[in-house]
Number of protein chains: 2
Amino acid sequence: MAHYSPSVENLINRMASLPGIGRKSAHRLAFHILSMDKEDAKALSEAILEAHSKTIRCSCCQNFTDSDPCPICSDLKRDKTTICVVESPRDVATFERTHEYRGLYHVLHGVYNPIDPKAMERVTLKQLFARLSEDSSINEVIVATNQSTEGNATALYISRLLKDTGIKVTRLASGLPMGSDIEYVDDLTLSNALRGRIQI
Amino acid sequence: MAHYSPSVENLINRMASLPGIGRKSAHRLAFHILSMDKEDAKALSEAILEAHSKTIRCSCCQNFTDSDPCPICSDLKRDKTTICVVESPRDVATFERTHEYRGLYHVLHGVYNPIDPKAMERVTLKQLFARLSEDSSINEVIVATNQSTEGNATALYISRLLKDTGIKVTRLASGLPMGSDIEYVDDLTLSNALRGRIQI
C-alpha cells in the first residue's frame, strides 16, 4: 500500500536524489515543505529555478557566476599571473574567505578520472590548457585539488602536461592542520609534514 | 565581498531554512542544484509546487492527503472504533509499515504546549475532540505521541479531557527496544520496562 499521494512521493524522491539526503531526511524535508506557508513553498521553488536560470559559467575561470566574466576575473586589482585550480565552485568561496590569495581561479567541476569518460567530459581541464596557451602572462598554476587519490592524480596530470611550458606548477602544502595533536595525526599526514618541513 | 550572486545566495538561504540543513549542507545542495541539468532543476522546483498545491488535509484525521477524506479514513475495512493520535503525518506512515494497526488515525501536527500559543493554534486537538463528540462509535484513543516531555503532556491532557466520556485512553508501552542491551539502557527506560512488565 502506498502511504503517500503520488505528488508527495515524487517530492520525497526528488529530495532523496540530492547529495547527503537519505530517505528519512527526504521524508522530513518533504513534510516540512508541505507544512510551509504557500508563499514560502513558492519562494523555495522559484529560488531553485531562478538560481539555475541566472547562473552561468564564467567563460574564463568556469566558476558559477551571473555575469561573464565573473567578478573575480574582471577585477583589475587581482594578480593575473597566478591561477589557482580548484575542484568545485565552493572551493573558490573557501579561498576567498581567507583573504590570503589575490590571483585568479580555474574551477575544474570535477577531477581527472580517465576510467569515467562521462565525468571527464564535464571536467574543464581542456579549458584550463586553452587558457594557459592563450594567456602568456600566467607564470604559476597552484593545483588546489583535494588531498585525495583523484586530487593528487589531477595535480600530477596537470604538472606533466605543463612540464615544458615554463609555467611553474605548485601544490598546496600537506601537513598538520592547526590545533592538531601529533598523537592523533594519521601516518601519511605526519610523513608529509616531515617531508615538507620548513626552516624557522 | 559577496562570494556568490544574489540568486545563488537566495537559494543557499532557502536551503538553510529547511530542517536539519546547516550552512555547509545548504551550500552543497545549492551547488548541486546549479550543476544539475535544466530539466532536473525544473522538475525539482515543480515537485515542490505540485506537492504543496495538491496536498490538502483530510477533514477527518487531519493527515496530508490528495483526496478528502483520505484513503485510510474512507477505507471500509478499517476499524472505526479506535483512533491512534500521532504528532506528525510521518508517524502515520511508520505505523502503516508495521501492518499491525487497522484502526483510524488523528494527526495533531504538533503537541500540547500551552506556553507557545502560536504553535498551539496549529495543533489539531480541537478537531480531535470535535470528532470524538460527533462520532459515538469511537471507544478507544491510543495516544502515540513521542516519549518526550511534550508528548507525555499531550497524552495527559487528552486523557484528562476524555475522563468522563467513557472513551478508553491508552498510551504506547514504554520499555526496552528490540535488540537492546540492558547494560546500556537508560534508567528511565529501564524503570518503565520494569513497571510495565507483562506475564509470560
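Let's start with helix α3 of chain A, which has 17 residues and reaches 24 Å from its first C-alpha to its last, close to the 24 Å expected at 1.5 Å a residue. Keep in mind that this is a predicted model. Which residues of α3(A) are buried? They are A41(A), A43(A), L44(A), S45(A), A47(A), I48(A), A51(A) and H52(A). These buried residues pack against α2 of chain A, and also against α1, α2 and α3 of chain B.

Now hop over to chain B. Its own α3 has 17 residues that should span 24 Å at 1.5 Å a residue, and the end C-alpha atoms are 24 Å apart, which agrees. Here the buried residues are A41(B), A43(B), L44(B), S45(B), A47(B), I48(B), A51(B) and H52(B). They pack against α2 of chain B together with α1, α2 and α3 of chain A.

Take one residue as a close-up. A41(B) sits in helix α3 of chain B, and it counts as buried because its relative accessibility is 1%, where the cut-off for buried is under 20%. Setting aside neighbours within four places in sequence, A41(B) is in contact with I48(A), L49(A) and H52(A) from chain A, plus M36(B) from chain B.

So how do the two chains relate? Two copies of a chain are related by a rotation about an axis and a shift along it.

The largest nonpolar core has 42 residues, and M15(A) and M15(B) have the most contacts inside it. The elements giving two or more residues to this core are α1 (6-16), α2 (23-34) and α3 (38-54) of chain A, along with α1 (6-16), α2 (23-34) and α3 (38-54) of chain B. What does M15(A) touch, not counting residues up to four places away in sequence? Its list is I21(A), A26(A), L29(A) and I33(A), and across in chain B, L44(B) and I48(B). Apart from that core lies another one, of 30 residues, among them Y101(B), Y105(B), L108(B) and I142(B).

Y105(B) brings us to the strands of chain B. Strand β3 (residues 79-86) and strand β4 (residues 103-107) pair in the parallel sense over 5 bridges, and Y105(B) is the bridge partner of C84(B). Together with helix α4 (residues 89-98), β3(B) and β4(B) make a right-handed β-α-β unit.

β3(B) also pairs with strand β5 (residues 140-143) of chain B, again in the parallel sense, over 4 bridges. Here C84(B) stands opposite I142(B), while I83(B) stands opposite V141(B). Both faces of β5(B) are covered: E140(B) and I142(B) are buried on one side, V141(B) and V143(B) on the other.

V141(B) stands opposite V169(B) in β6(B). The chain gets from β5(B) to β6(B) through helix α7 (residues 149-161), and this β-α-β crossover is right-handed.

Methods
Residues numbered from 1 in each chain as written. Chains lettered and ligands numbered in written order. Predicted model: local features only at pLDDT ≥ 70, side-chain atom pairs only at ≥ 80, totals over all residues. Heavy atoms only, no water. Core = buried A, V, L, I, M, F, W, Y, C linked by side-chain atoms within 4.5 Å. Buried < 20%, exposed > 50% of the residue type's maximum accessible area, 1.4 Å probe, protein only. Contact = heavy atoms within 4.5 Å. Pairing = 2+ DSSP bridges. Right-handed = clockwise from strand over helix to strand, strands pointing away. Expected span 1.5 Å × (residues − 1).
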